[in-house]
Number of protein chains: 2
Amino acid sequence: MKILDGKKTSNDIKNEIAIEVAEILKKGGRPPHLAAILVGEDGASLTYVNSKVKACQRIGFESTLIRLSKDISEDELLEEIDKLNNDPDLDGFIIQLPLPSHFNENKILNAVDPNKDVDGFHPSNVGKMVLNQPTFLPATPMGIMELLKRYQIETSGKHCVVIGRSHIVGSPISILMARNTNPGNATVTLTHSRTKNLKELTLQADIIVVALGKAEFLTGDMVKEGVVVIDVGITRVADQSKKSGFKLYGDVHFDELAEKASYITPVPGGVGPMTIASLLMNTLQSYKTRN
Amino acid sequence: MKILDGKKTSNDIKNEIAIEVAEILKKGGRPPHLAAILVGEDGASLTYVNSKVKACQRIGFESTLIRLSKDISEDELLEEIDKLNNDPDLDGFIIQLPLPSHFNENKILNAVDPNKDVDGFHPSNVGKMVLNQPTFLPATPMGIMELLKRYQIETSGKHCVVIGRSHIVGSPISILMARNTNPGNATVTLTHSRTKNLKELTLQADIIVVALGKAEFLTGDMVKEGVVVIDVGITRVADQSKKSGFKLYGDVHFDELAEKASYITPVPGGVGPMTIASLLMNTLQSYKTRN
């Protein structure tokens, strides 16, 4: 069994981008610029958004964190988005999800200029992904594809079973894996809460992507020997023995799967860091089309 | 075995729309208006587009057929599209595909105002479909969903195998069948030219959608008893015994499948007429948001 090391791969990508940024600055160009909007005080969201800001700093991107009160109105948030859409020196921005419940998330995300939507959530970008046109791919599925590519995992003609149909992971990764690209060209089965015979399907899979958010859901008896396992889940479980007070679990029973899988992503250190790397890659891509 | 009668269902839908249009006209409103652009002289395309015009006439829609020479430039076609985008009395329009080879099809389709894109081909509408937001669904997959709905075929928790990943049928129907909607909520496997073990998969399927364009590809030995079969293929094969000089074949070996299937769409008279019905439904929907 080999680890698909997202942390290392993400660092490789950051180093590659840092070299490109240094070149840009040497030639007198402005640095790529990513902004993030965080509404409210959610602790996990703040952690995520801070790690994005830190990643920007490390590779020489300019970054802006816009913190807004959870009590602002939808119109005020839309105004803020409009400002970022029209800022000529900004290459991309993200709105950290989830938003407080009084916001219409679709309305907010649809207001982002697709040309600055480096999270790849705008319908127009999602559609271009389906139609295999150039676009910003959604960050988490893009990170998974990049990981498969760098580890040269064969996907063509393989049977990939995706567990979970969320808009940000399950649904787009099922689309990307089936496209006529490399990686891609897999036979893809998309499963979800209504699926009746999940184990029957996972037992046939050459590649499994689990994106459910249920700790240790995928167990050893559910997979065949040699399977490639991508674990997108991340669940915090209280654990007094840890300094942080919790332990992180993936959707995969790691110890059981480790015995049967050919490749597996750990949690943490697998898909998570790759999501941030994708965001940086998208921002750099946006910068290049602007400069 | 029961026939999923697309011709009858399409006629039912047309009659329902005709009643709505009559109501609109009685109240002094203008009729819904659909336009079609046909570039070049392709015989099959002319047949398709004419049947759309005829359908409009029958139900009381205004229709406009714009025929352009195959030699016009991309800019001239884009100008024509711009005119239609800005015509306040037009509810929707389609560009009959395929376009002559010197056109960049993506560029042309992306120029259509998404709010008039009643074929559902614009990236922004494709993305909204993925994200389960209100939109115009692509006409052929929408017609399949409508047929399943009107025949009350249970899809939730069923295993649906889609054969073919085209942008206009295979890929979008795989997305629609997996969404949390009714019909929908199926476990969906998307297969294509790189799939290695197709028969193994089709033998597990409760529902099969074939959209390949290979005459009589799906044979009796490939399916289990009771399967629901949706045949999207249509291939013309020369046949001297026919007045037209050809016979139409679906992607399904109908006689073999008829013995095992619980429901099956015929070719012709199955999915084809439903595509036109969807186009009319989308145009009416567009009209309603404008009036």
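A residue counts as buried if 20 or more other C-beta atoms lie within 10 Å of its own, and as exposed if 12 or fewer do. Keep that in mind as you work through this predicted model.

**Exercise 1.** Find which residues of helix α2 of chain B are buried, and work out how they sit around the axis.

*Solution.*
- Step 1: Apply the cut-off to α2(B), and you get B:Lys52, B:Ala55, B:Cys56 and B:Ile59 as its buried residues.
- Step 2: Look down the axis. These residues cover an arc of only 100 degrees around it, so they sit on the same side of α2(B).
- Step 3: Now turn to the other side of α2(B), where B:Gly43, B:Thr47, B:Lys54 and B:Gln57 are exposed.
- Step 4: Ask what covers the buried residues. The cover includes α1 (6-26), β2 (33-39), β3 (62-68) and α10 (271-290) of chain B.

**Exercise 2.** Check whether the length of α2(B) fits its number of residues.

*Solution.*
- Step 1: Helix α2 of chain B runs over residues 43-59, which is 17 residues.
- Step 2: At 1.5 Å a residue, counting one less than the number of residues, the helix should span 24 Å.
- Step 3: The end C-alpha atoms of α2(B) are 25 Å apart, which agrees.
- Step 4: Have a look just past the helix too: B:Gly60 takes a positive phi of about 95 degrees.

**Exercise 3.** Describe how α6(B) and α10(B) pack.

*Solution.*
- Step 1: Two packed helices are described by the angle between their axes and the distance between the axes.
- Step 2: Here the axes of α6 (residues 139-150) and α10 of chain B come within 7 Å and cross at roughly 105 degrees.
- Step 3: Angles of 65 to 115 degrees count as roughly perpendicular, so that is how α6(B) and α10(B) lie to each other.
- Step 4: Among the residues making the contact are B:Met142 and B:Leu147 of α6(B), and B:Met274 and B:Leu279 of α10(B).

**Exercise 4.** Work out how chains A and B are related and where they meet.

*Solution.*
- Step 1: Rotating by 180 degrees, with 0.0 Å of shift along the axis, superposes chain B on chain A (RMSD 0.0 Å). That is the relation of a two-fold axis.
- Step 2: In the interface, 25 residues of chain B are in contact with 25 residues of chain A. The largest share of chain B's side, seven residues, comes from α5(B).
- Step 3: Since 100% of the interface residues of chain B are also interface residues in chain A, the copies meet through the same surface.
- Step 4: Zoom in on A:Gly127, which is in helix α5 of chain A. A:Gly127 has 26 C-beta neighbours inside 10 Å, so it counts as buried. Beyond its neighbours within four places in sequence, A:Gly127 is in contact with B:Pro123, B:Ser124, B:Asn125, B:Val126 and B:Gly127.

Conventions. Residues are numbered from 1 along each chain as its sequence is written. Chains are lettered from A and ligands numbered from 1 in the order in which they are written. This is a predicted model: local features need pLDDT of at least 70, side-chain atom pairs count only at pLDDT 80 or more; totals for chains, interfaces and linings use all residues. Helices (H or I, at least four residues) and strands (E, at least two) are DSSP runs, numbered from the N terminus. The arc is that of the directions from the helix axis to the C-beta atoms. Two residues are in contact if their C-beta atoms, placed from the backbone, lie within 7 Å. Copies are superposed by least squares on the C-alpha atoms of residues with pLDDT of at least 70 in both. Axes are lines fitted to C-alpha atoms, for helices over the stretch in contact, and angles run from 0 to 180 degrees between N-to-C directions. Angles under 35 degrees count as roughly parallel, over 145 as roughly antiparallel, 65 to 115 as roughly perpendicular and the rest as oblique.
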